[in-house]
Amino acid sequence: MTSKEALLEQCILFVHDKLAIIETIMTENHKALQQESKSSAGDKHETGRAMLHLEMEKASQQLEVAKQMQETLNRIQLNVASEKIKLGSLIATDQGDYFLSISAGELTVDGKYYYAVSPSSPIGALLIGKEKGSIVTWGAKAIKILSIS
């Protein structure tokens, strides 16, 4: 398995875990809402229901973000070579290595650290479309792109 394949697999697991957590939260909130409906009426009852509805709305938004991440990962084509950085590129720089995919943070493959970043993240937006040898400025740092695979 190549580094890119291993990184993609870790990103897929990241999203899978995120989806499982969100689904658990939504199920628990739904059960709690049903229990709350069986309680006596009053201000405390209404406040509890409102809080549960807010939690369910928040979980629903998180679910939508996780599904978008899943869609992004499904669009990655690891076997398509490119001299320019694109979705699915593995980028080696003099400041660290990046996998342009989703914002999954720091990942490790064979003891080496990579940063999984989204094309819409600030660093991802700087890198996308650049070529080997390009220099991008991130804050006060100049980052040189050493290789793209």
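In the predicted model, the side chain of Ser134 reaches the backbone oxygen of Glu131 at 2.8 Å. A polar contact here is a pair of N or O atoms within 3.5 Å; within protein, one must be able to donate a hydrogen and the other to accept it, and residues adjacent in sequence count only if both atoms are side-chain atoms. Residues are numbered from 1 along each chain as its sequence is written, and side-chain values use heavy atoms, with hydrogens and water left out. Because the model is predicted, local features need pLDDT of at least 70 and side-chain atom pairs count only at pLDDT 80 or more, while totals for chains, interfaces and linings use all residues.

Ser134 is located in the loop between helix H3 (122–127) and strand E5. Helices (H or I, at least four residues) and strands (E, at least two) are DSSP runs, numbered from the N terminus. With a relative accessible area of 22%, Ser134 is partly exposed; buried means under 20% relative accessible area, exposed over 50%, and partly exposed in between (1.4 Å probe, protein chains only). Leaving aside residues up to four places away in sequence, Ser134 touches Ile143, Lys144 and Ile145, where contact means heavy atoms within 4.5 Å. Gly124 is ten residues from Ser134 along the chain, and their C-alpha atoms are separated by 14 Å.

The strands form an open sheet of six, in the order E3-E4-E2-E1-E6-E5, with mixed pairing. Strands E3 (105–109) and E5 stand at the edges with a single partner strand each, so one side of each is left without a neighbour in the sheet. From one strand to the next, the twist averages 40°. For such angles, axes are lines fitted to C-alpha atoms, for helices over the stretch in contact, and angles run from 0 to 180 degrees between N-to-C directions.

Two strands pair if DSSP finds at least two bridges between them. E1 (residues 90–93) and E6 (residues 141–148) pair in the antiparallel sense over three bridges, and Ile91 has Ile148 of E6 as its bridge partner. E1 also pairs with E2, in the antiparallel sense over four bridges; there, Thr93 is partnered by Gly96 in E2. E5 (residues 135–138) and E6 are likewise antiparallel, over four bridges, and Val136 stands opposite Ile143 in E6. These two strands, E5 and E6, form a hairpin with two residues between them, and Gly139 in the turn has a positive phi of about 65°.

The structure holds one aromatic pair. Rings of Phe, Tyr and Trp (its six-membered ring) pair if their centres lie within 6.5 Å; planes under 30 degrees apart count as stacked, over 60 as edge-to-face and the rest as tilted. The ring centres of Tyr98 and Tyr115 are 5.8 Å apart and the planes stand at 40°, so the pair is tilted. Tyr98 lies in E2 (residues 96–100) and Tyr115 in E4 (residues 112–117), so the pair ties together parts that are 17 residues apart in sequence. Tyr98 is buried at 9% relative accessible area, whereas Tyr115 is partly exposed at 35%.

One salt bridge is counted, defined as a side-chain nitrogen of Lys or Arg within 4 Å of a carboxyl oxygen of Asp or Glu. Lys112 forms this salt bridge with Asp97, the closest N and O atoms being 3.0 Å apart. Since Lys112 lies in E4 and Asp97 in E2, the pair ties together parts that are 15 residues apart in sequence. Lys112 is partly exposed, at 40% relative accessible area, and Asp97 is buried at 10%.
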